[in-house]
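Please open the model in a viewer and keep the selection tool at hand.

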Amino acid sequence: MSLNYIKNFYEGCVKPPTVIGQFHTLFFGSIRIFFLGVLGFAVYGNEVLHFICDPDKREVNLFCYNQFRPITPQVSFSALQLVIVLVPGALFHLYAACKSINQECILQKPIYTIIYILSVLLRISLAAIAFWLQIYLFGFQVKSLYLCDARSLGENMNIRCMVPEHFEKTIFLIAINTFTTITILLFVAEIFEIIFRRLYFPFRQ
């Protein structure tokens, strides 16, 4: 493997061709990973063990917790969302590295520019779908009490359950929704940056 290939791999695969893309990948993406890895698991860790219902029976607690949290935990969905959104960009940069396409070529040649813009549009679509699923599954707020429909267990009434650390989980949901919104806005801004640079600041051979 030659030194030029390694150089092209670093330039084409590690660094996006735009300033906004580099900011999102190297800085903002790192903040999201840190937030999920440290704060997310700290808030949602062992949640099922602290989810208590009245009556406090193991089978009732597990049944109601599965009803309360269809995907366990919420931080896993957020991590999966982050990975899925980054996949199109990673595939493009891998293709650029294999073809020895550097940053200048991506913005110089229309075909590469179009492919990169399409990858950004795909990321926007995936982020929007994940954002909708996140709101549909988890909402914007976690309440302290959850009413569980336990009729299938032979109970004649709804069972009240205590949700642990509901305030911290609400803050986490707001932060994740804010991160997703900023991500979509950065992707849109990246497209405008590419168009602006091609129209007004073309690269010279």
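Select strand 2 and strand 3 (residues 158–162): five bridges join these strands, which run antiparallel. Helices (H or I, at least four residues) and strands (E, at least two) are DSSP runs, numbered from the N terminus, and two strands pair if DSSP finds at least two bridges between them. Strands of a sheet pair through backbone hydrogen bonds, either parallel or antiparallel. Within this pairing, select Cys148; its bridge partner in strand 3 is Ile159.

This is a predicted model, in which local features need pLDDT of at least 70 and side-chain atom pairs count only at pLDDT 80 or more, while totals for chains, interfaces and linings use all residues. Residues are numbered from 1 along each chain as its sequence is written, and side-chain values use heavy atoms, with hydrogens and water left out.

Next, display the whole sheet: three strands in the order 1-3-2, open and with antiparallel pairing. Strand 1 (52–54) and strand 2 (145–149) are the edge strands, each pairing on one side only. On average, neighbouring strands of this sheet are turned by 35 degrees against each other, direction ignored.

Axes are lines fitted to C-alpha atoms, for helices over the stretch in contact (heavy atoms within 4.5 Å), and angles run from 0 to 180 degrees between N-to-C directions.

Now turn to the aromatic rings. Which kind of aromatic pair do Phe51 and Tyr65 form? A search of the whole structure finds five aromatic pairs. The pair of Phe51 and Tyr65 is edge-to-face, at 5.3 Å centre to centre with 70 degrees between the planes. Rings of Phe, Tyr and Trp (its six-membered ring) pair if their centres lie within 6.5 Å; planes under 30 degrees apart count as stacked, over 60 as edge-to-face and the rest as tilted. Phe51 counts as buried because its relative accessibility is 1%, and Tyr65 counts as buried at 3%. Buried means under 20% relative accessible area, exposed over 50%, partly exposed in between (1.4 Å probe, protein chains only).

Finally, select Trp132 and Tyr136, both in helix 6 (residues 110–138) and four residues apart, about one turn of the helix. Both Trp132 and Tyr136 are exposed.
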